[in-house]
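Open the model in your viewer and keep the selection panel at hand.

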Amino acid sequence: MATVKLTKTAVDSARATGKDYELRDTLVPGFLCKVTAAGSKVFMLQYRTDAGERRKPKIGLYGELTVDQARSIAQDWMSDIRKGLDPSAAKKAARQAPTVKDLCVQFIEEYSKMRNKPSTVETYQGQIDRHIVPELGRIKVPDLTRADVTAMMRNHAHTPTTANRLLACVRKMFNMAEVWGYRPDGSNPCRHVPKFREGSKTRYITDEELARLFAYLDLADEEGLEHPTLTLAIRLQFEFSARMSEICGLEWSWVDFEQRRVVWPDSKTGGISKPMSERAYQLLSNALRIDDTPYVCTAIYDNYAPLPEGTYYNSWKRILERAGVPHVGTHGIRHRAATDIANSGVPLKVGMALTAHKTVSMFMTYVHTEDDPIRQAAEKVANLRQGVIDRCAPVLPTAAEVSAPVVTGASTTGTSQGNYRPYRHRKSPTRAVPPGTKRAAEPDVQPTGR
């Protein structure tokens with residue numbers, strides 16, 4: 001081991017001796033050039049961590065780096081070491097950092113399967129397999145940038161809903177990456193990445209459409225035009241302001257007729273419990289219970305299976321068409337029911353309990369306002385404003401009390417001659433002097449055109 005000032009000449013003159021040896025720099029402590037038995041020359045830095053552990057990481061090969069470049073890197077590393085950092089550990093962590101593909105596997109196994117419903121896990125896995133891994137999977141987790149996420153969103157701009165769901169999935173994964181120590185806190189690359197504007201919202205079922213719909217449901221029950229399970233399911237969804245899945249999977253064991261309450265042990269938002277209205281109580285009491293089936297609404301051809309959501313949705317479309325109501329998804333029932341709850345005047349907390357919403361903002365997205373109440377409110381506000389104007393109107397001077405100029409002959413104003421000026425600057429015989437102005441206070445002044 002020799003101690004010399006490392007220069008280009010000193011490194012070039014070093015020759016292989018059949019075994020490894022080192023040339024240590026006299027300017028930067030710990031900086032050295034290792035000459036291997038085969039003649040390769042490697043710049044390295046030897047140091048001790050705060051814990052007393054000896055480190056000797058590689059800086060780079062001579063030829064790839066000059067002596068001055070290697071010495072500059074060594075000085076930067078020594079500066080970090082004095083701050084308590086460990087460049088060797090940082091390099092090792094960077095090499096061992098997981099890729100986005102690895103993070104996806106860990107996210108599904110250690111987070112989603114333990115906290116999400118099976119349908120949500122399936123949705124996440126589909127997004128990962130079809131889009132996230134093919135586009136981002138080979139990038140290291142610490143290296144993923146906001147530009148990478150923005151590029152992914154841009155690739156799916158033609159399907160804005162899909163793009164927004166992908167963004168939500170990646171955001172959640174990188175929140176967990178911070179929890180697991182793969183990235184610093186607050187470094188989620190999805191921050192400030194805007195979502196796309198999605199399609200139109202669920203259409204509101206108007207009062208007239210609601211009346212036509214229930215008139216057809218009554219006729220269908222009387223004449224046998226529809227299977228009774230289908231009409232029962234629609235009526236129950238209105239009564240409970242429920243999701244389609246909650247009605248299709250409703251079981252008799254969840255219905256408590258004594259307490260007049262229905263308890264769903266599991267739903268989109270977890271376990272929920274809703275009281276029965278008198279109408280809901282009558283519907284469930286009079287519903288046909290086939291054999292010992294556990295389901296309130298059974299499949300058409302299998303009494304021991306729940307009503308399939310596809311069957312329910314297609315039947316809903318057919319019933320709307322026969323009732324003369326424009327198409328709206330089954331979720332429109334929940335929107336209409338939530339609006340009826342909000343318009344009934346019940347407290348907000350009670351309304352949220354009836355719809356099983358967790359937040360006020362989500363509950364309010366289901367509340368619609370029709371044009372007639374808005375128009376009536378606008379008329380009321382306009383009448384109140386006009387009443388204030390009429391009650392507090394000041395007494396203005398009459399035209400006879402204002403010294404208005406006498407208009408004679410045709411107007412020869414600048415405007416009539418094509419020389420337009422703002423109205424407040426015009427002076428012509430066709431314009432009276434506004435009361436209270438300086439011109440009105442001037443005696444015997446006749447305005448002239450310019």
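**Stop 1: one glutamate**

Select Glu246, which sits in helix α10, residues 244–248. The model is a predicted one. Check the surface here: Glu246 has a relative accessible area of 3%. Because the cut-off for buried is under 20%, Glu246 counts as buried. Now show its contacts. Leaving out residues up to four places away in sequence, Glu246 touches Trp264, Ser267, Ile272 and Lys274.

**Stop 2: the largest pocket**

Next, display the largest pocket, with a volume of about 1,800 Å³. Select Arg165, Lys268, His331, Met362 and Tyr366: of the 49 lining residues, these lie nearest the pocket's centre. Then colour the helices. At least two lining residues come from each of α5 (118–136), α7 (160–179), α10, α13 (331–343) and α15 (360–365). Which helix gives the largest share of this lining? It is α5, with five residues. Colour the lining by class to find 21 polar, 14 nonpolar and 14 charged residues.

**Stop 3: the second largest pocket**

Move on to the second largest pocket, at about 350 Å³. Its lining has 18 residues. Centre the view on Pro228, Leu232, Asn286, Ala287 and Leu288, the ones nearest the middle of the pocket. Select α9 (228–240) and α11 (278–286) next; each supplies at least two lining residues. The largest share, five residues, belongs to α9. By class, this lining holds eight nonpolar, seven polar and three charged residues.

Terms used. Residues are numbered from 1 along each chain as its sequence is written. This is a predicted model: local features need pLDDT of at least 70, side-chain atom pairs count only at pLDDT 80 or more; totals for chains, interfaces and linings use all residues. Side-chain values use heavy atoms; hydrogens and water are left out. Helices (H or I, at least four residues) and strands (E, at least two) are DSSP runs, numbered from the N terminus. Buried means under 20% relative accessible area, exposed over 50%, partly exposed in between (1.4 Å probe, protein chains only). Contact means heavy atoms within 4.5 Å. On a 1 Å grid over the protein atoms alone, a cavity is a set of points where a 1.4 Å probe fits but cannot get out, and a pocket is an open set with protein on both sides within 12 Å along at least five of seven lines; lining residues have an atom within 4 Å of a point. Grid points are joined across faces, edges and corners, and a volume is the space filled by probe spheres set on the points. Ala, Val, Leu, Ile, Met, Phe, Trp, Tyr, Cys and Pro count as nonpolar, Asp, Glu, Lys and Arg as charged, and the others, Gly among them, as polar.
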